[in-house]
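Subject: Structure handover and notes on its contacts

Dear colleague,

Please find below the structure I promised to pass on, followed by an account of what was found in it.

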Amino acid sequence: MAARMSSKLNAFAPNGERVTKTLEIGVGSHEVRYFYLAEGEFRHEFGDDYEDGEYPDTATYGGSTVYLDESGNYWPAEALTLKAADGTVVREGRAIDPLPGLDAVQACELAFKADQMRGGTHELGEGDWIETVSRHRISGASQVVILEGFIREMGLMPVLAAYAKRAAAEMER
């Protein structure tokens, strides 16, 4: 039996702007025609050049698909509020700040580098880091220096700054 698909939905970013694109690795961005609910998950429909639900080149950030609003701000999927044509809210998005202001090329490169470096699993990279730190007896202060250098070299300072702002706000609560 085929899975039931919901009617067409519109997505809105926390700033109230309509979400119109996804960030695509190697392409830049791609228009989104509409969103829908299928098999308990929210998905998006591009157009005739992609099969429904199969988007291997869509960029992710922290495991979430990256979307763009009408002004070009980047938002993770969980930030989006989905509404029916009559304005009824189907899913309320998280009220968060947009992702760091990267242009499409930088964002695509960032997503591609992250996918390349990940090597398939977060656990693998984390285990390698812990083993290296232990084997070479790298102190906490030296780890910070190494991490800052890596973040700077990879062009991730805007991402770190946004993360630090969110973390500081959560600590103040």
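By the rule for aromatic pairs, under which rings of Phe, Tyr and Trp (its six-membered ring) pair if their centres lie within 6.5 Å, with planes under 30 degrees apart counted as stacked, over 60 as edge-to-face and the rest as tilted, the count comes to two. One of them is formed by Y34 and Y36, a tilted pair with 6.1 Å from centre to centre and 55° between the planes; both Y34 and Y36 are buried, where buried means under 20% relative accessible area, exposed over 50%, and partly exposed in between (1.4 Å probe, protein chains only). The rings of F35 and Y67 also form a tilted pair, because their centres are 5.3 Å apart and their planes stand at 55°. F35 belongs to strand 4 and Y67 to strand 7 (residues 64-69), so this pair ties together parts that are 32 residues apart in sequence, and both F35 and Y67 are buried.

Before going further, please note that this is a predicted model, in which local features need pLDDT of at least 70 and side-chain atom pairs count only at pLDDT 80 or more, while totals for chains, interfaces and linings use all residues. Residues are numbered from 1 along each chain as its sequence is written, and side-chain values use heavy atoms, with hydrogens and water left out.

Strands and their pairing

Helices (H or I, at least four residues) and strands (E, at least two) are DSSP runs, numbered from the N terminus, and two strands pair if DSSP finds at least two bridges between them. Strand 4 (residues 34-38) is mostly covered, with four of its five residues buried, and five bridges join strand 4 in the antiparallel sense to strand 5 (residues 41-45). Within that pairing, Y34 stands opposite E45 in strand 5, and in the hairpin of strand 4 and strand 5, which has two residues between the strands, E39 takes a positive phi near 55°.

Strand 7 is largely enclosed by the rest of the structure, because five of its six residues are buried. Strand 7 pairs in the antiparallel sense with strand 6 (residues 60-61) over two bridges, with Y61 opposite S64 in strand 7, and strand 7 also pairs in the antiparallel sense with strand 8 over three bridges, where Y67 stands opposite W75. The hairpin of strand 7 and strand 8 has four residues between the strands, and G72 in the turn has a positive phi of about 90°.

Y67 has a further partner in H44, since a polar contact of 2.6 Å joins their side chains; a polar contact here is a pair of N or O atoms within 3.5 Å, of which, within protein, one must be able to donate a hydrogen and the other to accept it, and residues adjacent in sequence count only if both atoms are side-chain atoms. H44 lies in strand 5 and is buried, with a relative accessible area of 5%. F46, in the loop between strand 5 and strand 6, is likewise buried, at 3% relative accessible area, and F46 and K21 are 25 residues apart in sequence but 8.7 Å apart in space, C-alpha to C-alpha.

Charged side chains

A salt bridge is taken as a side-chain nitrogen of Lys or Arg within 4 Å of a carboxyl oxygen of Asp or Glu, and the count by this rule comes to two. R94 and E78 meet in one of them, at 3.6 Å from N to O; R94 lies in the loop between strand 10 (89-91) and helix 1 (104-118) and E78 in the loop between strand 8 (74-76) and strand 9 (81-83), so the pair ties together parts that are 16 residues apart in sequence. R94 counts as partly exposed at 46% relative accessibility, as does E78 at 29%.

E131 and R135 also meet in a salt bridge, at 3.2 Å from N to O, and because they are four residues apart in helix 2 (residues 122-135), they are separated by about one helical turn. E131 is partly exposed, with a relative accessible area of 45%, whereas R135 is exposed, at 53%.

Finally, K83 lies over the face of F12, at 5.0 Å from the ring centre, by a rule that asks for NZ of Lys or CZ of Arg within 6 Å of the ring centre and within 35 degrees of the ring normal.

With best regards
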